[in-house]
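Colleague: I would like to learn how to read a model like this one. Could we go through it together?

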Amino acid sequence: MLLKALLTILLAFLLSGYAAAQRGPQPVRLSDGDSFALGKERYRLYGIDAPELHQECVDAKGHSWSCGTRARTELRRIIGTDPVECRIVSIDRFGRNIAVCQAGGRDLAEEMVRAGYATTISRRGDTNPYHAVEAEARAGKRGVWAGRFENPSEWRRANPRDDDGAPPPVTETPRDWLVAKLSDVLRAVRDWLWPQAGR
């Protein structure tokens, strides 16, 4: 009887710790300046288009620079260490969540446009909430507006990928692997302990 009570307490403790680990903020894995993954869910920021990761732009002096990599770095800077929260607007043809996302109270899309590392996009009948911010960035010659750049959608058409433009699959992080393995171990321990405790 004592053994069963101790095993029950131990199992409850382990499972509560596991559940707490699952509830924590999901790590953000950036693909480029407007798309990322939270856990196993993929997101693209609503209303904007950032340079593609391998896209090059031209600065005011005519020098080429990696604006795609810089856009991803800027998104990382904006997020910082704050958890990312998203409100899904729709799903794109690649299965990504098109969403309005925030970190630390900052609208990520708005901040990317403000820094000059993303342009606004509008679908038919939509009003883009970031047009005024884009006009400020353009007037201030921030980011890509300091020189010349190809619109990201035009760059994608001129540089098609072998996978038809589909975003790369989300790879499992060490944390994802550890959580999955811990879940398997806890399930095995539970399945073994309950019959033992009933003796």
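Modeller: Let us start with handedness: a crossing is left-handed if the near helix is turned anticlockwise from the far one by less than a right angle, and right-handed if clockwise. Helices (H or I, at least four residues) and strands (E, at least two) are DSSP runs, numbered from the N terminus. Here, helix 2 passes helix 3 in a right-handed crossing. A word on sources: this is a predicted model, where local features need pLDDT of at least 70 and side-chain atom pairs count only at pLDDT 80 or more, while totals for chains, interfaces and linings use all residues. Residues are numbered from 1 along each chain as its sequence is written, and side-chain values use heavy atoms, with hydrogens and water left out.

Colleague: At what angle do the axes of helix 2 and helix 3 cross?

Modeller: Axes are lines fitted to C-alpha atoms, for helices over the stretch in contact, and angles run from 0 to 180 degrees between N-to-C directions. For helix 2 (residues 67-79) and helix 3 (residues 108-115), the crossing is at roughly 130°, and the axes come within 10 Å. Angles under 35 degrees count as roughly parallel, over 145 as roughly antiparallel, 65 to 115 as roughly perpendicular and the rest as oblique. Helix 2 is therefore oblique to helix 3.

Colleague: Which residues of helix 2 and helix 3 meet?

Modeller: Contact means heavy atoms within 4.5 Å. On the helix 2 side are Ala71, Glu74, Leu75, Ile78 and Ile79, and they meet Leu108, Glu111, Met112 and Ala115 of helix 3.

Colleague: And how do helix 3 and helix 4 pack?

Modeller: Their angle is about 25°, with the axes 7 Å apart, so helix 3 is roughly parallel to helix 4. Helix 3 contributes Glu110, Val113 and Arg114, and helix 4 contributes Val133, Glu134 and Ala137.

Colleague: Is Asp49 buried or exposed?

Modeller: Buried means under 20% relative accessible area, exposed over 50%, partly exposed in between (1.4 Å probe, protein chains only). With a relative accessible area of 2%, Asp49 is buried. Asp49 lies in strand 4 (residues 48-49), and its side chain has a polar contact of 2.8 Å with that of Arg44. For a polar contact, look for a pair of N or O atoms within 3.5 Å; within protein, one must be able to donate a hydrogen and the other to accept it, and residues adjacent in sequence count only if both atoms are side-chain atoms.

Colleague: Why does Lys141 count as exposed?

Modeller: Lys141 counts as exposed because its relative accessibility is 57%.
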